[in-house]
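Please look over the structure below.

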Amino acid sequence: MKFLPNVFSINSKIVAGQLNIADCKVSSLAKEFGTPLFIIDENDFNYRLNAWKSALERHFGAQAGSVYYASKSFISVEVAKWISSSGIGIDVCTAGELAVALAANFDPSKIELHGNNKSEIEIRAAIKAGVSKIVIDSHQEIERVNRLANEAGIIQNVLIRLTPGVEAHTHEFISTAHEDVKFGFSISSGDAAKAAQGVEQAANLRLNGVHCHIGSQIFESEGFEMAATRLIEFLSEFRDRNGRELAELDLGGGYGVAYVEGEITYDPDVAMSAIASLVKVQTTKHKLAMPVVSIEPGRAISAPTTTTLYEVGTTKNVTLDDGGIRRYIAVDGGMSDNIRPALYGAQYSAILANRTSTQSAISSRLVGKHCESGDIIIREIDLPSDIAPGDLIATPATGAYGRSMASNYNHMPRPAVIAVKDGTARLIVRRETQEDLLGLDVSEQPRTIN
Ligand code: LLP
């Protein structure tokens with residue numbers, strides 16, 4: 001076990017043997033707010049928002065579109081305010097995410113609506129709010145959005161989501177760009193061209209450009225470059241067919257972050273520099289004007305900013321077949337606040353956060369409190385042998401798809417989220433209570449429904 005500066009948020013450090021985040025001692029945070037607790041390093045979050053914005057602007061210049069923060073990775077009203085103040089946009093994919101952005105007074109002209117099965121209620125809400133773009137994901141949606149835009153008496157700007165068909169067996173890190181996925185229109189089958197023509201003919205839609213999102217936790221530019229190459233070919237074919245050029249290329253998110261030792265968070269400058277060079281070469285090759293390029297990082301902004309703090313409740317030693325010992329350390333959360341290890345085999349790191357230990361580190365398994373053996377946060381980690389009930393364990397880089405994918409399994413209230421900054425701490429999402437959960441239970445009289 002060691003403190004990994006590349007995985008913890010920027011303002012995290014060990015002071016007198018204890019983890020401090022933004023100059024707040026984690027033991028004091030646990031006392032004040034309870035555990036499990038999501039702790040966001042607010043200055044780190046703002047730093048990453050700006051890093052992606054300036055990298056896009058630096059490498060695309062006048063053709064820099066917008067960074068749309070992928071709110072699915074984590075959003076709350078307070079966080080939406082930070083994003084709005086940074087001047088970047090937001091990608092929402094449900095009425096719920098849209099409602100959070102609007103509750104933060106987000107400028108609708110910087111909101112983009114995604115989703116492979118948007119309901120009419122969601123489309124209406126987005127049109128009413130005046131979102132800048134709706135990303136069309138299916139043939140049915142062309143008719144749906146056109147009709148609802150017509151009802152509202154507006155022309156809606158749209159992109160179409162394309163699957164560039166990058167072969168998964170050569171690039172297995174790409175999980176959403178191949179053909180056999182629920183998202184978007186396939187380029188190679190001609191579906192994408194059909195969709196583009198459909199949108200062109202829809203009186204209340206204006207086709208602004210094309211979008212793709214190739215997958216998540218990607219560390220190399222190659223996949224993005226292959227996808228951009230296919231999309232630019234598509235833009236060129238569209239120009240040849242329709243006699244006009246589409247202005248926008250939205251390349252989605254997916255930039256990887258460090259979760260464990262040895263991984264290095266994708267540098268926004270490195271990513272944008274590679275993609276910008278490729279886009280310039282390919283647009284020149286096809287004699288196209290340079291499009292406006294947008295991106296949608298989620299994890300790359302939110303994940304590294306946040307640490308989850310747990311309290312240890314029980315420990316036990318198990319003798320393995322080979323005679324070795326495995327130590328189970330059970331904390332007061334688990335798969336309800338971090339489903340990623342169970343769902344994707346995702347790896348995390350952890351440290352003993354409230355004190356230093358002089359004991360040797362032993363092979364340990366960090367588990368939660370749910371009634372399921374798969375409730376594992378870290379399958380194999382060396383942790384000090386004297387970790388005991390009452391100790392605090394911190395798992396860094398939990399800001400993306402942690403709280404946002406949290407559940408109430410075993411009727412566990414979802415944890416609070418706090419923001420820490422310059423020695424101050426404040427709640428930004430309060431802890432759920434038993435009353436919140438029990439409040440959903442009702443006992444209606446049976447009604448006849450025919
Ligand atoms: N744009 C679109 C259209 C997306 O579907 C996504 C993620 C993003 C942007 C942001 O991707 P990011 O930069 O955060 O990788 N729950 C999974 C990740 C699912 C991502 C879904 N879409 C996980 O925990 O790894």
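## The second largest pocket

In this predicted model, the second largest pocket has a volume of about 420 Å³. Its lining counts 21 residues. Nearest the centre of this pocket lie V260, Q347, Y348, I378 and E380.

Two elements give two or more residues each to this lining: α11 (340-344) and β18 (376-384). Strand β18 supplies the largest share, with seven residues. By class, the lining of the second largest pocket splits into twelve nonpolar, four polar and five charged residues.

## The cavity

The largest cavity holds about 60 Å³ of space. A general point explains how such space is found: rolling a probe the size of a water molecule over the atoms shows where empty space is left.

F38, I40, F74, T306, T398, G399, R403 and V417 line the largest cavity. Four of these lining residues are nonpolar, three are polar and one is charged.

## The ligand site

The shell around the ligand has 18 residues. Those that come nearest are S216, E296, R340, Y344 and Y401. By class, the shell holds five nonpolar, seven polar and six charged residues.

Why does the ligand lie between two domains? Domain 1 (12-41 + 304-438) gives residues to the shell, and domain 2 (114-297) does too, so the ligand lies between them.

## Backbone contacts and burial of the ligand

Which backbone atoms approach the ligand's oxygen atoms? For G254, a backbone N or O atom lies 2.8 Å from an oxygen atom of the ligand. For G298, a polar backbone atom is 3.0 Å from a ligand oxygen atom. For R299, the distance from a polar backbone atom to an oxygen atom of the ligand is 2.8 Å.

How much of the ligand does the protein bury? Taken alone, the ligand exposes 590 Å². The protein buries 88% of that area.

## Backbone geometry

Two loop sites deserve a look. The peptide bond that joins T35 and P36 is cis, with omega at about -10 degrees. P36 sits in the loop between α1 (26-33) and β4 (37-41).

The other site is A16. Phi of A16 is near 50 degrees, a positive value in a residue other than glycine. A16 belongs to the loop between β1 (12-15) and β2 (18-21).

## Points to take away

The second largest pocket draws seven of its lining residues from β18. The ligand lies between domain 1 and domain 2, because both give residues to its shell. On the backbone, the bond between T35 and P36 is cis, and A16 has a positive phi.

Key. Residues are numbered from 1 along each chain as its sequence is written. This is a predicted model: local features need pLDDT of at least 70, side-chain atom pairs count only at pLDDT 80 or more; totals for chains, interfaces and linings use all residues. Side-chain values use heavy atoms; hydrogens and water are left out. A residue is near a molecule or strand if one of its heavy atoms lies within 4 Å of it. A polar contact is a pair of N or O atoms within 3.5 Å; within protein, one must be able to donate a hydrogen and the other to accept it, and residues adjacent in sequence count only if both atoms are side-chain atoms. Accessible areas come from the Shrake-Rupley method with a 1.4 Å probe; for residues, only the protein chains shown count as cover. Ala, Val, Leu, Ile, Met, Phe, Trp, Tyr, Cys and Pro count as nonpolar, Asp, Glu, Lys and Arg as charged, and the others, Gly among them, as polar. Domain bounds come from an automatic or database domain assignment. On a 1 Å grid over the protein atoms alone, a cavity is a set of points where a 1.4 Å probe fits but cannot get out, and a pocket is an open set with protein on both sides within 12 Å along at least five of seven lines; lining residues have an atom within 4 Å of a point. Grid points are joined across faces, edges and corners, and a volume is the space filled by probe spheres set on the points. Helices (H or I, at least four residues) and strands (E, at least two) are DSSP runs, numbered from the N terminus.
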